[in-house]
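Here is a friendly tour of one protein model, written for someone who likes to see the cut-offs beside the values. Please have a look at the sequence and the coordinates before reading on.

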Amino acid sequence: QVQLVESGGGMVQAGGSLRLSCAASGLTFGTFHMGWFRQTPMKEREFVASINWSGSRTYYIESVKGRFTISRDNAKNTVDLQMNNLKSEDTAVYYCARGGVVGTSALYGYDYWGQGIQVTVSS
């Protein structure tokens with residue numbers, strides 16, 4: 001009923017691109033900060049990127065700057081993550097999440113999470 005669903009993942013060779021999309025149902029995020037996180041079995045879930053409610057401001061971890069682009073369409077209730085020049089280090093399960101009215105990179109700042117989608121970058 002209330003869920004965020006990620007799509008667009010898969011396997012790609014290093015240097016390739018993927019576009020992840022997150023669609024919400026049962027909830028809206030038009031007035032909320034939205035974020036993307038990623039997690040591997042050997043790493044804790046980490047912040048990747050976020051975008052404010054209007055899409056006018058975006059934030060990225062240093063390792064993805066210049067390669068990833070987060071965007072949103074509040075009318076469609078979706079948020080995307082365009083990933084270019086992918087590296088093996090980007091391999092992880094990616095999650096979209098709804099944050100608050102102010103942005104944060106901390107996990108506790110997000111109240112709803114998708115189930116995650118696998119992104120595998122082969123070297």
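Predicted model: local features only at pLDDT ≥ 70, side-chain atom pairs only at ≥ 80, totals over all residues.

Residues are numbered from 1 along each chain as its sequence is written, and side-chain values use heavy atoms, with hydrogens and water left out. The protein has eleven strands and zero helices.

**Overall fold**

- Read along the sequence, the pattern is β-β-β-β-β-β-β-β-β-β-β. Strands (E, at least two residues) and helices (H or I, at least four) are DSSP runs, numbered from the N terminus.
- The radius of gyration is 13 Å, which agrees with the value near 14 Å that a compact globule of 123 residues would have. That radius is taken over C-alpha atoms, and the globule rule is 2.2 Å times the number of residues to the power 0.38.
- The C-alpha trace spans about 40 × 30 × 25 Å along its principal axes.
- Of the 123 residues, 43% count as buried. Here buried means under 20% relative accessible area, exposed means over 50%, and partly exposed lies in between (1.4 Å probe, protein chains only).

**Aromatic rings and a charge over them**

- Rings of Phe, Tyr and Trp (its six-membered ring) pair if their centres lie within 6.5 Å; planes under 30 degrees apart count as stacked, over 60 as edge-to-face and the rest as tilted. By this rule the count comes to four aromatic pairs.
- Phe37 and Trp113 form a tilted pair, with 4.8 Å from centre to centre and 55 degrees between the planes. This pair links distant parts of the chain, since Phe37 belongs to strand E4 (residues 34–40) and Trp113 to strand E10 (residues 112–113), 76 residues apart.
- How do the two partners compare in accessibility? Phe37 is buried, at a relative accessible area of 0%, whereas Trp113 is partly exposed, at 26%.
- Phe37, Phe47, Tyr110 and Trp113 are linked into a cluster by ring pairs.
- Arg45 has its charged end over the ring of Trp113, 4.9 Å from the centre. Arg45 also lies over the face of Tyr95, at 3.7 Å from the ring centre. A charge sits over a ring if NZ of Lys or CZ of Arg is within 6 Å of the ring centre and within 35 degrees of the ring normal.

**The cavity**

- One cavity of 30 Å³ or more is present, and the largest cavity has a volume of about 50 Å³. A cavity is a set of points on a 1 Å grid over the protein atoms alone where a 1.4 Å probe fits but cannot get out, and lining residues have an atom within 4 Å of a point. Grid points are joined across faces, edges and corners, and the volume is the space filled by probe spheres set on the points.
- Which residues line the largest cavity? They are Arg38, Gln39, Thr40, Lys43, Glu44, Glu46, Glu89, Thr91 and Ala92.
- E4 and strand E5 (43–51) each supply at least two residues of this lining.
- By class, the lining has five charged, three polar and one nonpolar residue. Asp, Glu, Lys and Arg count as charged; Ala, Val, Leu, Ile, Met, Phe, Trp, Tyr, Cys and Pro as nonpolar; the others, Gly among them, as polar.

**Positive phi values**

- Asn77 is not a glycine, yet its phi is positive, at about 60 degrees. Asn77 is in the loop between strand E7 (68–73) and strand E8 (78–83), and it is buried, with a relative accessible area of 11%.
- Asn85 also has a positive phi, near 45 degrees, in a residue other than glycine. The loop between E8 and strand E9 (92–98) holds Asn85, which is partly exposed at 42% relative accessible area.

- Glu89 is in the loop between E8 and E9 and is exposed, with a relative accessible area of 52%. Glu89 and Trp53 are 36 residues apart in sequence and 29 Å apart in space, C-alpha to C-alpha.
- Ile70, in strand E7, counts as buried at 4% relative accessibility. From Ile70 to Glu6 there are 64 residues in sequence and 14 Å in space, C-alpha to C-alpha.
- Arg19 is in strand E3 (residues 18–25) and is partly exposed, at 42% relative accessible area. The C-alpha atoms of Arg19 and Gln1 are separated by 25 Å, with the two residues 18 apart along the chain.

Terms used
1 Å grid on protein atoms, 1.4 Å probe; cavity = no way out; pocket = protein on both sides within 12 Å on 5 of 7 lines; lining within 4 Å.
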